Amino acid sequence: MSTRLPQQAGEWIDREQPLRFSFEGKEYAAFEGDTITSALWANGEKTLGRSFKYHRPRGILSFANHDINVMVTDGADTNIRGDVVKVRDGMQLHAVNTSGGVKKDRNRYLDAISALLPVGFYYKAFHTPRQLFPFWENIVRKAAGLGIVNFSFPRITKPKHHRFCDLLVVGAGPAGMAAALAAAEAGLQVFLVDENRELGGSLGYDHAADSESRMLLTDYLHRISNQPNIKVFREAYAGAYYTDHLIPVVQSSGITKVRAGTVIVASGAFEQAPVFRNNDLPGVMLGSAAQRMIRRYAVKPFEQGVVLTANTYGYRVALDLIAAGVKIVAVVDLRAEGESGDLHEQVAAHGITIHRGSCVYEAKPATDKLSVAAAVICSYDEKTNSADPHNAFEIPCDGIAMSAGWAGASGLLYQAGTKMRYDDSVQQFIPGDLPDGVFAAGKVNGVFNLQARMDDGVRAAHLALRHLGKPAQDIRVPAHTGSSPSHPYPFVPHAKGKNFVDFDEDLCLKDFSNAAQEGFNNIELMKRFTTVGMGPSQGKH
């Protein structure tokens, strides 16, 4: 069953170039520009991988290279990230970390005995009797890791370049593009770096069923393409920060070591998943993931869904889903006061029930346990972080879109030596004391309103101009007002667990309580004991 939507402006696929590929031995159709994940989801495939520890079925989570739910191999290369790697004609793909295929993985029994495998169990088991340790060691080593290393993989040499610029802007979303244009129009030589194949960031997918974002993006792209002082690096990432603004820009074609006069980090934020039972089932995904599927690849995320939110953004997600033909049966808002204003009115105008002060207590799996069949809703008390399952009810659905908050993509700022501070108004660590010549703008700076993000980019550009001794304006961006874009604690306890906090390591909420009871009550000790954030995603979700 195809879930491909009609052709729309701004999509990243070329429908004039059809492709064929296979996954787990079955052949599928795709278009040039599709990623492996988008092509499979468009063909109705929802079980795309298995989790590391318990081998639970996994589907789309972030759809932005922020998780490892979809990792595949083509027989030569391994751990290919399906969310961002484009499908090629003739590809023959298989999911990694399975035994017997992704749908009938023989190791799925580990989920049934998960109570015997609590966090840190490997520190206490297998040591006695000593003569059996080699036996257990062999089993543990086979279970570790994800894909199988191909030791015959050819060594590929790539060129290394050295470039200089006045300003390096990391991130080409609204803030980054505004910063690059303001600086370039003032005469600076600007390098604009973005990890995606197209510029625009959230302007390309977060529309709330409106055309304003698309129009803004079109204008920005036109101005950037006609600005000779801007050089764009697409599908590139700033790999690190070294002394005196030396930043390696990494692309598939090689590496460019950029020495910049000044740097603006406009890297955005990672959307964070709320925690509830079975929040890892295929069909449960971040709101921004659903939006990317719709706008970039013209794929309908699900047919009938629930939106779980604790911020304004969730209502924007709901409107985009409705516009894509998804039947939204409920919006569940953790906040007792819910949302007010225009977005609330637009959602309510579609006849959608909005449950304030409520939570998704549990996602019910389908009979085969490979997808969502229903969402269990009940009242939720923010002050005590408690759900009341006595008044719970089920809503049939095949998808749940989640939007409860963000964490700044601030890794480069930390490497540069930035001292961060916690801002209660946005529930996020933001830059406090920045190094000389390094500036931040947009969501990573705790600015979430669209117009404010663009203004913040211009503000950062003028700070960069002043740092370089150029004429500059003193631009102020108002502090965040209104409800926070992030909920302080969107965690719903459940007696039966399986409410996942770290999807890479299969860590549930109870694992942290157990670690604290073991005496690991220091945050660094708890991190080491539980291994939270130590998976390939490195704490992005």
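Student: Hi! Is Y489 buried, exposed or partly exposed?

Tutor: Y489 is partly exposed, with a relative accessible area of 39%. Here buried means under 20% relative accessible area, exposed means over 50%, and partly exposed is in between, using a 1.4 Å probe and protein chains only. This is a predicted model, so local features need pLDDT of at least 70, side-chain atom pairs count only at pLDDT 80 or more, and totals for chains, interfaces and linings use all residues. Residues are numbered from 1 along each chain as its sequence is written, and side-chain values use heavy atoms, with hydrogens and water left out.

Student: Thanks! How many aromatic pairs are there?

Tutor: The count is 10 aromatic pairs. Rings of Phe, Tyr and Trp (its six-membered ring) pair if their centres lie within 6.5 Å; planes under 30 degrees apart are stacked, over 60 edge-to-face, and the rest tilted. One of them joins Y313 and W406, edge-to-face at 5.0 Å centre to centre with 85 degrees between the planes.

Student: Which parts does the pair of Y313 and W406 tie together?

Tutor: Y313 lies in helix α7 (residues 313-323) and W406 in strand β23 (residues 406-408), so the pair links parts 93 residues apart in sequence. Helices (H or I, at least four residues) and strands (E, at least two) are DSSP runs, numbered from the N terminus. Y313 and W406 are both buried.

Student: Back to Y489: why is its pair with F491 stacked?

Tutor: The ring centres of Y489 and F491 are 4.5 Å apart and the planes are at 20 degrees, so that pair is stacked. F491 counts as buried, at 19% relative accessibility.

Student: New topic: which ring does the charged end of R58 sit over?

Tutor: The charged end of R58 sits over the ring of F500, 5.4 Å from its centre. The rule is that NZ of Lys or CZ of Arg is within 6 Å of the ring centre and within 35 degrees of the ring normal. K231 has its charged end over the ring of F233, 5.0 Å from the centre.

Student: And the backbone, what is the phi of D506?

Tutor: D506 has a positive phi of about 55 degrees, although it is not a glycine. Most residues other than glycine have a negative phi. D506 is in the loop between β27 (500-502) and β28 (507-508), and is buried at 0% relative accessible area.

Student: Where is N65 found?

Tutor: N65 is in the loop between β4 (57-58) and β5 (71-73). Its phi is also positive, near 70 degrees, and N65 is partly exposed at 24% relative accessibility.
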